[in-house]
Amino acid sequence: MKISNILKPFKTVGKFLVEKPLTFHFPPESPVFTERFRGRHIYHPELCIECKLCGTVCPNNAIDFLFEKDEKGLVHFRTQVDYAKCCFCGLCEDICPTKALEMTNFPFLVAMDKKELYYGWKKLSEKPSLTLPSIKEKKGLIPWARARSFWVINYFTGCCFIEAVPWVASSFDMERFGLLATASPRHSDVLLIGGYVTTKTLKRIIRIYSQMPKPKFVLVLGNCPMTGGTYWDSYNTIKELDKYIPVDLWIAGCPPRVENVGYAVVLAIWAVQHGYTGKEEYVNIEHGKYALPYVVPKIDRDYNIVEFGPQHPASGNFNMFLKLKGERVVEATPNVGYLHRGFEKLMEYRTWYQNIMIVQRVCVLDGASYELAYVGAAEKIAGLEVPERAKYLRVIQAELSRIQSHLLNLGLLASSAGFDTITRITWGDRDKILYLLEYMSRGRVYQIYNIPGGVRYDVPLDFVDKAFEVVKYMEKRLKIYDDLLFNNQVFIDRTKNIGKLPKEMAIELDVTGPNMRASGIDFDVRRNIPYEAYKDLDFKVQVLQDGDVYSRALCRRREIEESLHIIKQAIDKMPKGPIAERKMSRGGYFSFMSSIPAGEAIHCVESARGELCFHIVSTGGVKPYRVKIRGPTFDTILVALPKLLKGVQVADVPVIYWSLDNCPADHDR
Amino acid sequence: MEIENLLKNLVEHFNAKISIGKDRNFVLAKVDKSSYVNVAEFLFKEGFRRLLTVSAIDWLSRNVIEIYFITYNHVMNVYVKVSTEISRDSPEIPSLSSIWENAAMHEREVWELFGVSFIGNKMLKPLFLEDWKGPPPFRKDFDWREYVAKEYGLKYPPVPKTVYQ
């Protein structure tokens with residue numbers, strides 16, 4: 001133990017007092033990079049040529065057409081968009097031959113009635129503008145106090161929750177609105193539903209809703225609970241949430257941008273301040289179909305059964321039964337499926353091109369890797385040669401995505417170990433990376449950047465400067481993480497020698513990625529089986545020997561540094577040239593509706609959580625015949641985690657769990 | 001052992017049909033149902049210590065289910081996919097859980113989603129779904145769009161909706 005390790009964190013935190021704050025203004029004055037964001041459309045009726053291509057390519061059936069007679073009796077063709085369905089992938093904009101349908105960077109789409117989100121052609125052709133209600137005026141003390149102290153229950157139901165994360169962090173800081181995340185349903189006012197709701201999750205949501213005290217408000221993020229959204233044909237997600245519980249505010253987007261969530265909060269504060277006390281309460285369990293299964297509690301003198309998750313601040317939408325003897329875990333049984341959408345079969349229903357907008361939604365935390373794995377497998381079957389420039393752009397996107405994923409995980413790990421400051425700082429820094437990703441690919445969380453054969457857009461000219469700025473900033477911040485976390489004696493003592501994963505076990509249970517490298521196995525798909533431009537780039541594979549929680553965290557921190565190094569090299573080496581190749585070596589051109597010849601391929605990439613493989617079978621149709629996603633967390637969480645938890649203290653469970661970097665959406669698919 | 005040797009062994013001893021991916025890292029081998037477990041044992045002894053996945057493909061037109069596993073060898077740096085075909089009406093196959101420990105969980109998933117039973121796997125109980133009463137959801141003859149339309153009362157037209165006023 002070093003005295004400096006105890007004193008240095010204080011010194012570093014002291015420096016924050018004089019630094020410029022990380023927090024963005026709200027309402028947003030002029031957000032840094034948002035001009036390229038894919039937000040609401042703008043429709044130019046005079047340019048529309050009645051080709052209906054946008055409606056055909058739309059994966060979510062969000063676009064409708066209208067033949068309208070005007071006063072003179074002339075019939076006009078119009079296009080209309082339903083924002084309760086739209087997933088903002090931009091395929092309609094790509095395919096539109098006359099650019100009659102364009103996307104603006106306007107993200108603010110909130111409504112109390114979801115029918116208001118259906119944009120007729122007149123509303124769609126108006127230029128979007130934002131009017132925020134003034135929340136200064138108030139009517140009575142009680143509504144004012146209620147509006148300024150929303151306690152939000154933290155139940156991370158789906159992928160849209162990722163945009164609630166910046167509000168927890170220092171970048172957006174929800175506490176300036178009086179919002180506070182609470183773990184107990186009995187003390188919370190706001191139920192925030194993030195994204196799609198599976199049948200298994202719905203039962204828990206109904207239970208939580210009925211436990212909350214009155215007045216209760218339900219805010220829904222994303223399109224999936226409104227109409228089914230992206231998962232409109234999935235067998236396991238419910239389509240309209242307001243059939244089961246009342247919903248006060250619908251926040252549209254896929255996922256809704258952070259600023260949009262803030263807009264919704266301002267609207268909610270305004271409404272509650274003016275005396276709104278929520279809709280009439282009802283719960284519809286459809287004759288017991290969505291009631292929680294009644295379990296007779298087993299009484300055992302020796303053991304205690306504790307449920308970890310799904311509604312738990314440190315679990316994600318994941319559940320584990322812990323059998324305890326005193327403070328020690330005797331047995332852990334994961335219970336998964338809260339996010340099961342049947343992804344592999346959903347992809348069989350969509351064309352090869354439409355799948356590029358759905359595939360990154362498997363795991364919201366690191367979408368870029370899923371894009372890469374999917375397009376890589378499709379390219380192998382079709383025989384598409386990717387141009388050099390596109391390969392480098394893909395590497396930059398994948399590495400940026402890896403950094404933000406690792407930052408998110410460092411925050412989660414730190415918060416479960418009791419270091420909330422780090423959580424706020426890393427998640428705040430994560431926003432810088434996200435802005436850069438958005439500037440590059442036009443999508444903030446879901447970039448939808450790759451297509452089989454290349455990438456969709458080239459980067460803007462000043463991207464290089466902005467990227468170097470962010471890389472420099474991150475390099476500086478990593479030193480702060482070292483001072484506050486990795487060289488902090490308290491954190492070292494808290495995480496050393498717990499959750500040890502031996503080398504042999506890591507191989508046999510198929511644990512991959514940073515978790516495996518922290519156990520002393522020198523394997524990285526980027527180096528061993530190079531894909532994209534990785535074989536021309538120089539990077540070290542970070543290997544640590546201990547295999548405990550601390551080395552897994554340290555491995556991620558070192559990988560961030562290595563990724564920054566890769567990004568710098570990739571920007572330097574990136575050649576000029578085309579960004580996409582359409583000609584397939586086995587005949588034909590790859591386009592929006594085209595088919596891919598019969599064949600099968602396996603493509604593996606190194607995602608932030610480990611090795612990710614796509615196995616795709618094509619029978620020569622416009623849709624894949626079978627897609628198998630071998631996610632990195634399936635074995636880690638379902639097989640290895642229960643073994644690691646045997647005999648540990650119950651207080652160490654969240655720390656070990658997050659040190660393995662779980663993404664429940666990935667193993668449930 | 002070299003890859004060439006390995007392939008030769010697979011062909012000679014197990015009568016496998018082999019095809020190799022373009023980048024030579026991926027070997028696809030088709031074997032008979034009877035030698036499925038033997039191939040797995042052979043590969044495990046040859047240093048294929050990691051099992052990536054066990055999964056299935058439903059070939060509706062031929063009335064078979066293709067069961068396959070993918071495994072990786074650190075030394076040879078090669079992925080091998082071994083597949084076999086079983087009848088679609090009563091799908092049964094011996095389990096690999098005695099060879100690779102994590103196979104049991106993957107087989108549990110296939111059991112739930114494709115309705116294939118694995119002889120010798122003690123873990124076969126629902127994994128993702130709770131109170132699911134329908135057919136195995138990933139079978140090709142279970143049409144999700146039809147099911148969703150019936151279950152949730154939503155109609156989705158195959159072509160975009162057009163309104164005439």
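Reader: Over how many bridges do strand S13 and S14 of chain A pair, and in which sense?

Author: Strands are DSSP runs of E with at least two residues, helices are runs of H or I with at least four, and both are numbered from the N terminus. Two strands pair if DSSP finds at least two bridges between them. In this predicted model, strand S13 (residues 319-325) of chain A pairs with S14(A) in the antiparallel sense over seven bridges. Asn319(A) has Asn335(A) in S14(A) as its bridge partner.

Reader: What should I keep in mind about the numbering and the prediction?

Author: Residues are numbered from 1 along each chain as its sequence is written, while chains are lettered from A and ligands numbered from 1 in the order in which they are written. Because the model is predicted, local features need pLDDT of at least 70 and side-chain atom pairs count only at pLDDT 80 or more, whereas totals for chains, interfaces and linings use all residues.

Reader: What is the strand order in the open sheet of chain B?

Author: Five strands follow the order S1-S2-S5-S4-S3 (chain B), and the pairing is mixed. Strand S1 (17-20) and strand S3 (50-59) of chain B are the edge strands, each pairing on one side only. S3(B) pairs with strand S4 (residues 64-73) of chain B in the antiparallel sense over nine bridges. There, Asp58(B) stands opposite Ile65(B) in S4(B).

Reader: Which strands does helix H2 of chain B touch?

Author: For packing, two residues are in contact if their C-beta atoms, placed from the backbone, lie within 7 Å. Axes are lines fitted to C-alpha atoms, for helices over the stretch in contact, and angles run from 0 to 180 degrees between N-to-C directions. Helix H2 (residues 36-45) of chain B packs on the sheet and touches S4 and strand S5 (78-87) of chain B, with its direction at about 165 degrees to that of S5(B). Helix H3 (residues 103-114) of chain B also packs on the sheet, touching S3 and S4 of chain B, and its direction makes about 15 degrees with that of S3(B).

Reader: How many residues of helix H13 of chain A are buried?

Author: A residue is buried if 20 or more other C-beta atoms, placed from the backbone, lie within 10 Å of its own, exposed if 12 or fewer, and partly exposed in between. H13(A) is mostly covered, with 20 of its 22 residues buried. Arg442(A) follows H13(A) and has a positive phi, near 70 degrees.

Reader: How many residues of chain A are in contact with chain B?

Author: The contact takes in 44 residues of chain A and 38 residues of chain B. S2(A) gives the most to the chain A side, with seven residues. For classes, Ala, Val, Leu, Ile, Met, Phe, Trp, Tyr, Cys and Pro count as nonpolar, Asp, Glu, Lys and Arg as charged, and the others, Gly among them, as polar. The chain A side divides into 19 nonpolar, nine polar and 16 charged residues.
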